[in-house]
Amino acid sequence: MLSEKYKDFTGWTIYQIYPRSFQDSNGDGIGDLQGIISKLDYIKELGANAVWLCPCFKSPNDDNGYDVSDYRDIMDEFGTMDDMDALIKGLHSRGMKLILDLVPNHTSTDHRWFQESRKGRGNPYSDYYYWFDEIPNDWQSAFGGSAWQYDALRGQYYLHTFAASQADLNWDNPAVVKEMQGVVDFWVDKGCDGFRIDVIDCISKNIEMGENSHGPRLHEYIRALFGREKVSHLFTVGEGNTNDIEDIVLHCGSERNELSTLFIFDHMECGRSDKFTPKEDSLKTLRNHLVYWQTETDKNDLLYSLFIENHDQPQIISRIGNDKELRYESATDIATMVYLLKGVPFIYQGQEIGMPAAHYDSIDDFDDVECLGYYHKYRETLSEEECLRKINFGSRDNARHPMAWDDSRNSGFTDENATPWLLPHNRAAEVNVAKDLASEKSVYRFYKDLLKLRKDNKAFQYGDVEVFSKAEDDFFVYTRSHGDSKWVVVCNFETQQNIELPFECEMPVLANMNRATASGCYAPYECAAAKVK
Ligand code: TEU
Ligand code: CA
């Protein structure tokens, strides 16, 4: 049985914003906090009651904010602390919550701590990072190349799990733990209601044993951050690289006083080897992963994070849906499949209008440090065309192109005569908010109806799940029940078929095509939700 705290979180819907690409308010081509404030009603109208902001702290933006140079100040391009205070006020006045993106594993090498640490031994910051006279092992950076960088000033090598400008913090140093506790408390005191924690599993390492994550003191460090009375009310979601249920219980069991939930990436491309090569992923594999984790998290009274996109992932309708002639149908079908399940829903900006993956013709159009690293590696053996195909498939820029608000030049993201930091989406004229809202087939309005159905019925939040379809079926049928309320959700996959239900239902209250019954013939990507009599 879910704890009362976790049950409350299943009533949240969290809208993830990549601030750089959401809305520009001052015509410099870069999204900012005032731009987000101008869109809060759009987010609330959708039915989201919380916003997760990707990092907006001071940063040189080598990794677009995941390289923090000051955790207690706002990135110049995004605005000022006054703007952040206004955003927090704007959210809270609408009954909405703010979730910030904490990056505790590493800082930018521009950070004062690193600049002091590299001056040598004997100063208070000397051991804030991992320093070695010689490279101690063959660890590789997630962005390609060695994870060890020589610093001439210090005369030693430092560890960087990600880019060389993202130096790993040494959490075995109690001063680092204290600094990060201070960062959490600073933002909680300013009104932050929760955190998404970046690569949480990496903060404990065991270099002698060759463990670059899930080290021996991981849970001690997570509890040091969130196992304190002052922050016990927070919603916390860890970005963890684990599919091991025992491990997940240690992170998120309600009595553990660590995290509320984890992003489990089993159903996503990322975290798998070679994310730039298409896989056999399909609606069927998505369904089977979801069923597995619904069962596992339910057995262990864990809060499951329901997500299918984020700022690191190509859009799911372009991976396993139909982002061309059946874009509306597949976007709404996948949304129904996922967001009426048990857990806490996350929606990534653009998902609510069925935004497809972008396509760029030249490597010069890309920005993402990860895909650029892999491009240069692939170019050693592959042609330009083969490289661009892989990069277009797996680049994180797919999800980072400016939000498409209308079909004007620059999609209403910034002034028409400004130059957006990243090329507008190549299909923005066809897929944008204004066009979606004017359409009979509005993905936004479908999401709004779906989220309202979930919000109005506890059965969809923390009710029991029973799956009726089988692992080999080309459709997904499950029920949600709580007390005397029982609902059925039917989601057909790519081919037309007859789906007979073993119980009587009322007329569907949610459907992406006109239908009078929950049983019967379903068109490709047709879905429905109905009350069971
Ligand atoms: O990503 C964590 C991570 O493991 C990345 O390798 C991610 O899985 C990959 O980029 C997917 O293609 C987090 C953030 O989400 C990412 O944006 C940051 O670049 C990274 O940490 C470093 O902070
Ligand atoms: Ca701006």
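How much accessible surface does the chain have, and what share of it belongs to carbon and sulfur atoms? In this predicted model, the accessible surface of the chain comes to about 20000 Å², and carbon and sulfur atoms account for 48% of that area.

## Overall architecture

The chain contains 16 helices and 22 strands. Its radius of gyration is 23 Å, close to the 24 Å that the globule rule gives for 533 residues, so the chain is as compact as a globular protein of that length. Taken along the principal axes, the box filled by the C-alpha atoms is roughly 75 × 55 × 50 Å.

Of the 533 residues in the chain, 62% are buried. Among the contacts with a separation of 6 or more, 68% are between residues 24 or more positions apart.

The chain carries 56 positive and 89 negative charges. The mean position of the positive charges and that of the negative charges are 4 Å apart.

Phe-265 lies in the loop between β13 (261-263) and α9 (283-299), and Phe-307 lies in the loop between β14 (305-306) and α10 (316-319), so the pair ties together parts that are 42 residues apart in sequence. Phe-265 counts as buried at 9% relative accessibility, and Phe-307 is also buried, with a relative accessible area of 2%.

Tyr-292 and Trp-293 form another edge-to-face pair, with 4.9 Å from centre to centre and 90 degrees between the planes. Tyr-292 is partly exposed, at a relative accessible area of 41%, whereas Trp-293 is buried, at 1%.

## Residues with positive phi

Asn-61 is not a glycine, yet it has a positive phi of about 65 degrees. Asn-61 is located in the loop between β3 (57-58) and β4 (70-74). With a relative accessible area of 12%, Asn-61 is buried, since the cut-off for a buried residue is under 20%.

His-214 likewise has a positive phi, of about 50 degrees, although it is not a glycine. Its place is the loop between β11 (194-197) and α7 (218-226). Is His-214 buried or partly exposed? At 27% relative accessibility, His-214 counts as partly exposed.

At 15% relative accessibility, His-219 counts as buried.

Which residues does His-219 touch, not counting residues up to four places away in sequence? They are Asp-247, Leu-250, His-251, Arg-256 and Glu-258.

## Asp-41 in helix α3

Asp-41 belongs to helix α3, which covers residues 40-46. Its relative accessible area is 49%, and Asp-41 is therefore partly exposed; a residue counts as exposed over 50%.

Asp-41 and Gly-90 are 49 residues apart in sequence. In space, the distance between Asp-41 and Gly-90 is 9.6 Å, C-alpha to C-alpha.

## Cys-371 in helix α12

Cys-371 is found in helix α12, made up of residues 369-378. With a relative accessible area of 0%, Cys-371 is buried. Leaving aside neighbours within four places in sequence, Cys-371 is in contact with Phe-276, Phe-366, Ile-391, Ser-395 and Asp-397.

How far apart in space are Cys-371 and Leu-453, C-alpha to C-alpha? The distance is 39 Å, for a separation of 82 residues in sequence.

Conventions: Residues are numbered from 1 along each chain as its sequence is written. Chains are lettered from A and ligands numbered from 1 in the order in which they are written. This is a predicted model: local features need pLDDT of at least 70, side-chain atom pairs count only at pLDDT 80 or more; totals for chains, interfaces and linings use all residues. Side-chain values use heavy atoms; hydrogens and water are left out. Helices (H or I, at least four residues) and strands (E, at least two) are DSSP runs, numbered from the N terminus. The radius of gyration is taken over C-alpha atoms; the globule rule is 2.2 Å times the number of residues to the power 0.38. Buried means under 20% relative accessible area, exposed over 50%, partly exposed in between (1.4 Å probe, protein chains only). Contact means heavy atoms within 4.5 Å. Accessible areas come from the Shrake-Rupley method with a 1.4 Å probe; for residues, only the protein chains shown count as cover. Lys and Arg count as positive and Asp and Glu as negative; His and the chain ends are not counted. The place of a charge is taken as NZ of Lys, CZ of Arg, CG of Asp or CD of Glu. Rings of Phe, Tyr and Trp (its six-membered ring) pair if their centres lie within 6.5 Å; planes under 30 degrees apart count as stacked, over 60 as edge-to-face and the rest as tilted.
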